[in-house]
Amino acid sequence: MSEHSESATEKIMSSIMDTIAENLPKQKSGKFDAGAASDKMKEKLFGRQKTIHRVLGGGKPADVLLWRNKKISSSVLALATAIWVFFEWLDYHFLTIVSFALVLGMVVQFVWSNFSSALSGSPSKVPRVELPEELFVNIAVAVGTQVNKFLSFLQDVSCERNLKHFVLAIVGLWAAAVIGGWCNFLTVIYIGFVSAHTLPVLYEKYEDQVDDFLYNILGLLRDQYQKLDQGVLSKIPKGNMKFKKSE
């Protein structure tokens, strides 16, 4: 069953890649130009100089996100999909699952402790399940670090007096609020998880085409912003924030 789900996930990924490859603009054929190739390397998205694997942190997490081992990546994606289907489509609740799991564990331990002693004649030691405290400490520290980074980023945007960054941050939060109104928090997490396991590998495979497409989009957005700046933003009076020092 697991091998069937892994193969189905791999087929879905390959079909998605083929579909995107057909829709992306094809590169023009021509002679190789060393100067153009060096310029192309400098024009990576957002000025990136590192590989996608290094941008994602390297190591096993990056290998999973970039599908270096298809069995592990497909298993992780299939497990996340099963959890989402279990809670979202089948309408199971977290407390119900935890209660059933605890009942099943208690039944197994009860049967083990009673029947093993009856068969062997001596009481057997049932293994104890105990989670290490460091696990919860590491989770709390990691979550707290990310939350503090996000809050620091929002405060920096609010205080740097850059209208462009401020408007982009407001638009991003507004988009998150709209998405949150369409679906619940679990679905948002699942969409982000699936995006993290599909977009990096697709970008790595079709990097040049995606860069050209995104640079065209960014160029259109820059033109529209310049028109907005010349027509509206430049006419907004700016207060004089400089004060003379009293001698």
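Modeller: Gladly! Start with residues 97–115, whose end C-alpha atoms lie 27 Å apart, in a span that is 100% helix and 0% strand. Helices (H or I, at least four residues) and strands (E, at least two) are DSSP runs, numbered from the N terminus. Before we go on, note that this is a predicted model, where local features need pLDDT of at least 70 and side-chain atom pairs count only at pLDDT 80 or more, while totals for chains, interfaces and linings use all residues. Residues are numbered from 1 along each chain as its sequence is written, and side-chain values use heavy atoms, with hydrogens and water left out.

Colleague: Which residues does UniProt list as "transmembrane region"?

Modeller: The unreviewed UniProt entry lists residues 72–90, 97–115 and 166–193 under that name. UniProt positions are given in the numbering used here, feature names are shortened, and annotations may be inferred rather than shown by experiment. In the model, residues 166–193 are 93% helix and 0% strand, with 27 Å between the end C-alpha atoms.

Colleague: How many helices and strands does the chain have?

Modeller: There are ten helices and zero strands, so the pattern along the sequence reads α-α-α-α-α-α-α-α-α-α.

Colleague: What share of the residues counts as buried?

Modeller: Buried means under 20% relative accessible area, exposed over 50%, and partly exposed in between (1.4 Å probe, protein chains only). Of the 247 residues here, 16% count as buried.

Colleague: Which residues make up the largest nonpolar core?

Modeller: A nonpolar core is a set of buried Ala, Val, Leu, Ile, Met, Phe, Trp, Tyr and Cys residues joined through side-chain atoms within 4.5 Å. The largest one has five residues: Ile52, Leu66, Tyr203, Tyr206 and Val210. For contacts, the rule is heavy atoms within 4.5 Å. Setting aside neighbours within four places in sequence, Ile52 touches Leu66, Pro200, Tyr203 and Glu204. Across the chain, 64% of the contacts with a separation of 6 or more come from residues 24 or more positions apart.

Colleague: How is a pair of aromatic rings described?

Modeller: By the distance of the centres and the angle of the planes. Rings of Phe, Tyr and Trp (its six-membered ring) pair if their centres lie within 6.5 Å; planes under 30 degrees apart count as stacked, over 60 as edge-to-face and the rest as tilted. By this rule the count is four aromatic pairs. The rings of Phe86 and Phe87 are edge-to-face because their planes stand at 90°, with centres 6.2 Å apart. Phe86 also pairs with Tyr92, and this pair is stacked, at 4.6 Å centre to centre and 0° between the planes. Ring pairs also link Trp84, Trp89 and Tyr190 into a cluster.

Colleague: Are Phe86 and Tyr92 buried, exposed or partly exposed?

Modeller: Phe86 has 32% relative accessibility, so it counts as partly exposed. Tyr92 is partly exposed too, with a relative accessible area of 35%.

Colleague: Where is Trp67 placed?

Modeller: Trp67 sits in the loop between helix H4 (59–65) and helix H5 (70–89). Its phi is near 55°, a positive value in a residue other than glycine. Trp67 counts as buried because its relative accessibility is 10%. Trp67 and Pro200 are 133 residues apart in sequence, with their C-alpha atoms 9.4 Å apart in space.

Colleague: What lies 2.6 Å from a polar atom of the Trp67 side chain?

Modeller: That is the backbone oxygen of His197. A polar contact is a pair of N or O atoms within 3.5 Å; within protein, one must be able to donate a hydrogen and the other to accept it, and residues adjacent in sequence count only if both atoms are side-chain atoms. His197 lies in helix H9 (residues 185–205) and is buried, with a relative accessible area of 5%. A polar atom of the His197 side chain lies 2.9 Å from the backbone oxygen of Phe193.

Colleague: Is Asp91 buried or exposed?

Modeller: Asp91 counts as exposed, at 56% relative accessibility. Asp91 is in the loop between H5 and H6, and its phi is near 60°, a positive value in a residue other than glycine.
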